[in-house]
Amino acid sequence: MPRRPALSLAALGAAAVAVLPLVYLLVRAVEPGWARWADTVLTARVAELTARSLALAAVVTVSCVVLGVGSAVAVTRTDLPARRAFAVLAALPLAVPTYIAAFTWVSTFRGLEGFWPAALVLTLCCYPYVFLPVTAALVGADPAQEEVSASLGRGPLRTGLAVTLGQIRPAVSAGALLVALYVLSDFGAVSILRTDTFTRAVFVTFDLGFDRTGAVMLSTALVGLTVVVLGAESATRTRQARYTRLGSGARRPHPRQRLGRARWPAATAMAGLSALALGLPAVNLARRLASGVSEPGALGEVARATGATLSLAGAGAALTTALALPVGLLAVRAPGRLSALLERLTYLSHALPGVVIGLSLVFFGVNVAYPLYQSTWLLALGYAALFMPLAVAGIAAAAAQAPAVLEEVAASLGARPLGVLRRVTLPLMLPGVASGAALVFIACVKELPATLLLRPTGMDTLATELWTQTSVAAYAAATPYAALLLMVSAGPAWLLARRTGVLAERGTGVLR
């Protein structure tokens, strides 16, 4: 029996929502029989897609870890000039959809396509997934361990490798996992930059080949890749368990390392990274913006799309966070095989293409829950299936920092479990829950394929209008939607940067 039955049942329901698209995949893949599946999946082309998808995920993940960890260390542990401004700029690429970033690069550099341009664009869009949790881990880490290491004669480099790296390894691992799964599921950048990965092959098979069964069968291979990635991450999590501390330690400011002659070159590198990730899209959109709203009725269409985007993303973030809450709580408060399994299940759909999520929920709405079909809440359910890991990660981190002893004290005073959750647990976890909700909101704003399939009839979002205009080469008309999409996402991205604590952190001086 589970240690917390009510919480386990709620987490089981959330996991059921996450694996709903997998049920559809299983049903549609089994119908034609094993022979058809083998003919579709066990081919040289699928092997090539597998190698390229894994290689792209590996290159982008390693690049994001290097950029994310390096940027986090620079803004938290050094005397980098304008470090708070750079901390905000490093978080803002989360607001840039990969299809906008890829479009700006292609329109600026003609003929740009292939594996390495796709890796570059994905890295520039995804490295905040590593930067944000690592920054929060560095700000919240207890400096006593590093002070002890320094007192034993270790220099800054040895202390960083032996102590600081151990403190942030869980955050690095969590961010790297999100990056790898995002790359496996990305459609925007790889389609515009003409890089054949599983996601692009699934979309081409479905959209151009009109072969829904073939697309579903290719998606089962993508699920297999996701299982491999999750297994690798679980293995690293087991090895790094010895680095995790039981208490939060003392919250004291960290001394900063003096960069010396490298101070301004480091600032130049950070500025260059921000220019590539944010400056290029901003300049490209600014050049086209004025002509995009000059047509009659254009402003009204943009306003309606903005309102629809905010309402749909808000509903998706609210539902996703509510479903992720029991999963994240169970993983921390009742660790074990059941909680680990439920947490892992929420990650499986995160690597699926949005078109597959959309197809599965269309099937679910038509055959099982017809009242939800063509409704806002069916689309919100699709967002929950896609983005639940983003909320689970934030909630689990917040639950780990909330002292469980306070819940035990409340229970010993006669409070019921629901009352303990409402009056003790949630107030303690609120900042982490809000961070997870903000991350999901940004993802919902940017999401395109599932929104195209599941949005209510007649409702268009900024992302779908952008897709509609660019599909007919109306780039000037598409620019206002792209610019507003970035502005809508920028606010939550700034809140995420602020939530790390780096904007309020004060150092105790610099180390010479």
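**View 1. Contacts across the whole chain.** Among contacts between residues at least 6 apart in sequence, 86% join residues at least 24 apart in this protein, where contact means heavy atoms within 4.5 Å. This is a predicted model, in which local features need pLDDT of at least 70 and side-chain atom pairs count only at pLDDT 80 or more, while totals for chains, interfaces and linings use all residues. Residues are numbered from 1 along each chain as its sequence is written, and side-chain values use heavy atoms, with hydrogens and water left out. Of the 512 residues, 53% count as buried. Buried means under 20% relative accessible area, exposed means over 50%, and partly exposed lies in between (1.4 Å probe, protein chains only).

**View 2. The largest nonpolar core and M388.** A nonpolar core is a set of buried Ala, Val, Leu, Ile, Met, Phe, Trp, Tyr and Cys residues joined through side-chain atoms within 4.5 Å. The largest one here has 149 residues, and Y129, V134 and M388 touch the most other members. Helix α17 (residues 376–401) gives the most to this core, with 14 residues. Which residues does M388 touch, not counting those up to four places away in sequence? They are A14, V17, A18, T320, L323, A324, T346 and Y383. As background, nonpolar side chains tend to be buried together in soluble globular proteins.

**View 3. Helices α18 and α19 side by side.** The axes of α18 (residues 404–412) and α19 (residues 417–446) come within 10 Å and cross at roughly 165°. So α18 is roughly antiparallel to α19, a term for angles over 145 degrees. Here, axes are lines fitted to C-alpha atoms, for helices over the stretch in contact, and angles run from 0 to 180 degrees between N-to-C directions. On the α18 side, L406, E407, A410 and A411 make the contact, and they meet V420, V424, T425 and L428 of α19.

**View 4. Two loop residues with positive phi.** Most residues other than glycine have a negative phi. R194, however, has a phi near 55°, and you will find R194 in the loop between α10 (188–192) and α11 (198–207). Is R194 buried or exposed? R194 is exposed, with a relative accessible area of 56%. Q374, also not a glycine, has a positive phi of about 60°. Q374 sits in the loop between α16 (354–367) and α17, and is partly exposed at 28% relative accessible area.

**View 5. Cysteines without a disulfide.** How many disulfides does a search of the whole structure find? The search finds zero, with a disulfide being a pair of cysteine sulfur atoms within 2.5 Å. Take C126: its sulfur is 5.3 Å from the closest cysteine sulfur, in C64, so the two are too far apart for a bond. C126 is buried, at 0% relative accessibility, and C444 is buried too, with a relative accessible area of 3%.

**View 6. T461 and its neighbours.** T461 lies in the loop between α20 (449–454) and α21 (462–471). T461 is buried, with a relative accessible area of 4%. Setting aside neighbours within four places in sequence, T461 is in contact with A305, T309, L312 and T451.

Terms used
Helix = DSSP H or I, 4+ residues; strand = E, 2+ residues; numbered from the N terminus. Parallel < 35°, antiparallel > 145°, perpendicular 65-115°, else oblique.
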